[in-house]
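Please look over the model shown here before reading on. The briefing takes up its confidence, its chains and the places where they meet.

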Amino acid sequence: MRKKIIPYLLVSPYIVHFIIFVAFPVGFSIYLTFNNWNIISPMEFTGLNNYKRLFQDAVFWKSIFNTLIFLAIHIPLQIIVALFLAELLNQKINFRGFFRAAFFLPVIVSGVVVTILWQQLYGFDTGLINRLLVKIGFEKIGWLTNPNWAMPSIAVMATWKNVGLYIVLFLVGLQTVPPQYYEAAELEGATHMQKFLKITLPMINPTIFMVVVLSTVGGFSLFIEPYVMTGGGPLNSTISAVLYIYKQGFFYYHMGYAATLGLFFAMLILTVVMIQKKFVEKDK
Amino acid sequence: MRTSNFLLLIAIIIIVLSCSSNSHSRRSKIIYWSSNNIEEIEFARYIVDSWNKNNPGDKVTFQPVPEGQSSEEVILAAVVGKTTPDIYSNMWEGDVEAYAEAGTLVALDTLSGFTDFLRERCDSSVIEEVTSLDGHIYQIPWKINPVMLLYNANIVKELGFNTAPRTYSEFFEAAKKFQKDTDGDGYVDRWFGYAEVIVTWWQRFFDFYPLYLAASNGAPLVKSNKAAFNNDAALKVFGFLRELYQKKYFAKERLSARQDVFLDGIIATRFTGSWEISHAEKFKPAGFEYNFSPMPVPDSHKGPVYTYGDPKNIVIFKTCPDPNLAWKFLKFALNEENDLKFLEITNQLPRRKDLNTNPKYASYFKKNPKMEIFAKQAKYVKGTDQSPVLKEVFDIISQEYEACVIYGKKTPQEALNDAEKAVNLLFLK
């Protein structure tokens with residue numbers, strides 16, 4: 001009897017934690033999707049109304065589209081910049097340790113601090129970037145006030161913030177490539193570009209894939225940047241799905257609807273991750 | 001079980017129970033939460049000390065509303081967690097209806113003497129404003145901070161005006177004269193005014209809403225669960241603001257992160273409240289002159305100029321063990337003398353109809369002439385309409401405001417039509 005109970009006792013902290021912090025919130029969220037609830041009044045059962053509303057909610061679909069636009073800019077940019085810098089930092093250059101640390105620094109700085117800093121850089125009249133543009137003869141750009149530029153501007157900022165982490169991942173990947181391959185290629189007269197395309201890229205493919213997965217999951221949770229910099233504007237051009245769900249939940253206390261949006265969005269992320277997983281398995 | 005273990009268990013149970021026992025039984029009779037700004041804390045402390053000195057058997061304790069992202073969130077969390085204070089004195093008028101609907105507030109008109117007190121303190125329009133949709137009154141009108149036009153008096157004089165621009169035409173004329181590209185780079189960098197361009201719903205309290213109240217003589221935004229703002233006044237306000245941005249008289253860039261652009265002379269006007277006075281007095285450069293005037297109105301406007309009063313009111317939560325005692329305390333806190341003390345300590349206006357006529361307050365206004373401008377405006381302020389979905393209404397207006405006024409994507413009429421449609425849908429749900 002004692003032998004039977006002990007294993008359960010040993011796993012019980014995890015099970016209790018799982019029930020309180022995972023199973024119950026998920027179950028409660030699903031239950032909420034069938035109700036209207038503003039926290040202070042009793043819940044009102046509304047059946048599938050929240051789901052109907054979701055499919056008719058133009059702003060939610062715009063927020064999904066915005067998130068995809070963000071991912072489409074952010075992921076390739078992240079990979080190109082991180083790989084380029086990792087390649088440079090993998091060479092024997094002076095102050096290599098300093099540069100590696102410097103590129104990693106934004107990763108550990110608070111997201112809010114970074115966004116406020118970039119808000120200043122992107123300022124239309126007084127921002128450093130526009131001042132430089134005017135100096136070299138270009139027109140000023142409304143980085144955060146022009147609906148066409150706002151999301152790309154946020155994507156560039158997010159890349160700057162996170163690139164250090166991916167540089168580290170790529171550096172690890174680059175250091176696993178056996179040097180003999182390069183030596184052999186050099187003997188065959190391969191150029192730098194050929195070595196990069198034919199040896200480096202195929203060899204670090206798993207790392208690239210990991211970066212894509214991490215960037216995708218991170219990108220889907222885009223929140224701080226638009227929340228602080230633009231509030232989702234101009235004209236909803238930077239409202240991300242997570243920001244919209246947050247607004248529904250904690251600005252307007254539409255808890256049932258926010259739970260519905262959250263559930264739908266979680267399913268969307270799950271689908272994307274499953275597709276990515278399929279690719280990984282195929283690759284193996 | 002061994003005796004020592006049993007005793008240990010009992011001790012733990014006693015400690016846990018004593019921690020979780022209802023603190024009402026051991027504490028003062030009434031718990032009062034004030035706002036958490038320094039001046040209001042000082043006032044709350046003064047009031048509570050005065051009360052407790054004369055009523056040792058009915059002790060009131062106060063604490064500032066606990067820190068949070070906003071006091072509204074803290075109050076909501078307290079309501080949900082059933083840890084509300086008995087009295088809260090900084091309730092935004094627009095939030096009251098939702099709490100009343102949820103049954104968390106005491107209907108004050110059921111308390112003895114409340115209606116007489118309210119009639120003595122406020123005029124009928126204020127009483128109507130604070131009456132909930134169910135006919136009860138759940139809030140005591142406490143204080144206001146009317147939104148007015150702050151202007152740089154030196155600049156306005158240089159532009160050839162004796163007073164601040166009063167009408168839209170005068171405003172445009174002054175704006176045209178003042179607007180400038182000072183560094184010659186082809187971009188305007190000196191604007192006549194500035195209002196926050198972000199879409200956050202409450203930002204409209206400082207541009208669209210006070211201008212709408214001014215243009216419409218205090219008309220509601222929603223009435224009988226329907227949008228009531230698609231009218232000539234709103235059309236004129238949207239048109240006015242749109243032109244200000246189109247002609248670059250107002251900055252489209254966010255200037256709020258910079259040093260104070262008003263005191264720096266980068267802008268000449270701002271729609272704001274009396275809280276600017278202490279800031280300006282502290283930081284204004286030598287020779288800087290400023291003043292306040294009513295919100296600009298359409299050229300054809302007749303009658304007094306209304307504005308948004310940003311009212312904050314007092315409520316008693318249903319968790320209060322003795323609402324009659326709470327009400328007795330509040331009657332004391334809101335008497336003539338204590339309203340004067342409130343004025344002196346916080347430089348905010350108590351919402352009472354005799355503010356301009358009661359000799360008790362005359363010496364304060366003599367000493368603070370700029371506050372007298374706000375006191376005169378106080379007769380013509382409105383709060384918000386009673387609606388449980390007011391934030392959504394403001395959000396919808398704000399979205400249309402952005403599309404029409406800031407980015408010119410819609411005409412004022414299209415924006416108002418779309419806003420009206422969306423608000424009416426909100427009430428259908």
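The notes below go from confidence to chain A, then to the domains of chain B and the interface between the chains.

This is a predicted model, in which local features need pLDDT of at least 70 and side-chain atom pairs count only at pLDDT 80 or more, while totals for chains, interfaces and linings use all residues. Residues are numbered from 1 along each chain as its sequence is written, and chains are lettered from A and ligands numbered from 1 in the order in which they are written.

**Confidence**
- The model has an ipTM of 0.74 and a pTM of 0.82.
- The average pLDDT of chain B, on a scale of the predictor's confidence in each residue from 0 to 100, is 90, and 93% of the residues score at least 70.
- Residues 19-26 of chain B have a pLDDT below 50, and this stretch has 1 contact in the model beyond near neighbours in sequence, where a contact means that the C-beta atoms of two residues, placed from the backbone, lie within 7 Å.

**Chain A**
- Chain A has 13 helices and 2 strands, counted as DSSP runs (H or I over at least four residues for helices, E over at least two for strands) and numbered from the N terminus.
- The radius of gyration of chain A is 24 Å, whereas a compact globule of 284 residues would have one near 19 Å; the radius is taken over C-alpha atoms, and the globule rule is 2.2 Å times the number of residues to the power 0.38.
- Along the principal axes, the C-alpha atoms of chain A fill a box of roughly 75 × 70 × 30 Å.

**Domains of chain B**
- The domain assignment, which is automatic or from a database, divides chain B into domain 1 (24-145 + 310-380) and domain 2 (148-308 + 389-428).
- Taken over C-alpha atoms, the centres of domain 1 and domain 2 of chain B are 30 Å apart.
- Between these domains of chain B, 11 residues of domain 1 are in contact with 15 residues of domain 2.
- On the domain 1 side of this contact in chain B, helix α15 (residues 369-377) gives the most, with 5 residues.

**Interface between the chains**
- Chain B places 24 residues in contact with 20 residues of chain A.
- On the side of chain B that touches chain A, the elements giving two or more residues are α3 (71-80), α4 (93-101) and α16 (390-406) of chain B, and α16(B) gives the most, with 4 residues.
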